[in-house]
Amino acid sequence: MTNPRKRGRAPEPAPSAQARKVPGAELLSAAQAAVGAAQTAAGQAIDAAQQTAGYAFDAAVRLPPASAQLAAQLPDLVENLSIAVDRLNSTIDRLDRTLALADPVFATYDRLLPRLEAMISLGEDVFGAVAKLPGVGLLGRIAGRGGEEPAPEPEPDKRGRRRR
């Protein structure tokens, strides 16, 4: 059987081998370009690493021993500092919680202190007024609560006599 539609047409020529594109050729060239770029980048990285190592060696040779020792201890120092900062943060948190619990007490102190100061002032005023009453000094000496110290004895004179 023949196809009635293709009857009048000429058969299409087969494409030549040069005109045909290989499906993996583009992929192959892209992969080769990527390999070349990777090799270039790796070479540059190796050169930079060698240069840095050379600088580090030069610096290490020039470092005094104390600086080299300090540089060797630096990681431990940083770790200890980190631990100290963590402990300080936990202490600050604990102090914040304690102060939050003590806040009502501080508020009560703020309310009570003016009253206590007023009572102390009133007590001093009362003692001052009572001390001015006649006979209070004598009463205090009789009761053994004399506010005044006894008068000192007069000093003896050069001849052994007491002054009057």
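Student: Which residues make the nonpolar surface patch of about 860 Å²?
Tutor: Leu-95, Leu-99, Val-105, Phe-106, Tyr-109, Leu-112, Leu-113, Leu-116 and Met-119 make that patch. Patch residues have over 30% relative accessible area and no salt bridge, and nonpolar side chains (Val, Leu, Ile, Met, Phe, Trp, Tyr) are joined within 5 Å, like charges within 9 Å. A salt bridge is a side-chain nitrogen of Lys or Arg within 4 Å of a carboxyl oxygen of Asp or Glu. Areas come from the Shrake-Rupley method with a 1.4 Å probe; for residues, only the protein chains shown count as cover.

Student: Where is Tyr-109 found?
Tutor: In helix α2, residues 65-131. Helices are DSSP runs (H or I, at least four residues), as are strands (E, at least two), numbered from the N terminus.

Student: What is the relative accessible area of Tyr-109?
Tutor: 46%, so Tyr-109 is partly exposed (buried is under 20%, exposed over 50%, partly exposed in between, with a 1.4 Å probe and protein chains only).

Student: How many helices and strands are there?
Tutor: The protein has 3 helices and 0 strands.

Student: What share of the residues is buried?
Tutor: 1% of the 164 residues.

Student: Changing topic, what is the mean pLDDT?
Tutor: This is a predicted model, where local features need pLDDT of at least 70 and side-chain atom pairs 80 or more, while totals for chains, interfaces and linings use all residues. The mean pLDDT (the predictor's confidence in each residue, from 0 to 100) is 77, and 68% of residues reach 70 or more. Residues are numbered from 1 along each chain as its sequence is written, and side-chain values use heavy atoms, without hydrogens and water.

Student: Which helix has the lowest mean pLDDT?
Tutor: Helix α1, residues 25-62, at 78; α2 has the highest, 90.

Student: What does the side chain of Thr-40 reach?
Tutor: The backbone oxygen of Gly-36, at 2.9 Å. Thr-40 is found in helix α1.

Note on methods:
Polar contact = N/O pair within 3.5 Å; in protein donor to acceptor, adjacent residues only side chain to side chain.
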